[in-house]
Amino acid sequence: MAKWSINHKYNHLTIIPMESLAYLFLGLVFLVYVVYCFQHGGVHVKKRGWVTREESPKTFIFMMILFILIGLGHLVFFAIVELKVIDI
């Protein structure tokens, strides 16, 4: 997908490819889910449903760390691709 931009004295428009927007969107979704889980004190576990942090503290901590890393990873990848730090 080609990128193009319109430059004016006070206006700058850059079109971001959909692939990059997907990384931004998914990263934000993962981080919003982490906030939701912290606020409600639990996490969804396969075949068990909603499990509170008191019922399964190790699973809760593991899932929160995993989702934070995935979310931040997506956001960092988006930043790297859009800021052209590394040409991927």
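1. Helices (H or I, at least four residues) and strands (E, at least two) are DSSP runs, numbered from the N terminus. Tyrosine 33 and tyrosine 36 both sit in helix α1 (residues 18-40), three residues apart, about one turn of the helix.

2. The model is predicted: local features need pLDDT of at least 70, side-chain atom pairs count only at pLDDT 80 or more, and totals for chains, interfaces and linings use all residues. Residues are numbered from 1 along each chain as its sequence is written, and side-chain values use heavy atoms, with hydrogens and water left out.

3. Rings of Phe, Tyr and Trp (its six-membered ring) pair if their centres lie within 6.5 Å; planes under 30 degrees apart count as stacked, over 60 as edge-to-face and the rest as tilted. Six aromatic pairs are counted by this rule. The tyrosine 33 and tyrosine 36 pair is stacked, because the ring centres are 6.5 Å apart and the planes at 20 degrees.

4. Tryptophan 50 lies in strand β4 (residues 49-52) and tyrosine 36 in helix α1, so the pair ties together parts 14 residues apart in sequence.

5. Tyrosine 33 is partly exposed at 26%, and tryptophan 50 is partly exposed at 36%. Phe30, Tyr33, Tyr36, Trp50 and Phe67 form one aromatic cluster.

Conventions:
Buried < 20%, exposed > 50% of the residue type's maximum accessible area, 1.4 Å probe, protein only.
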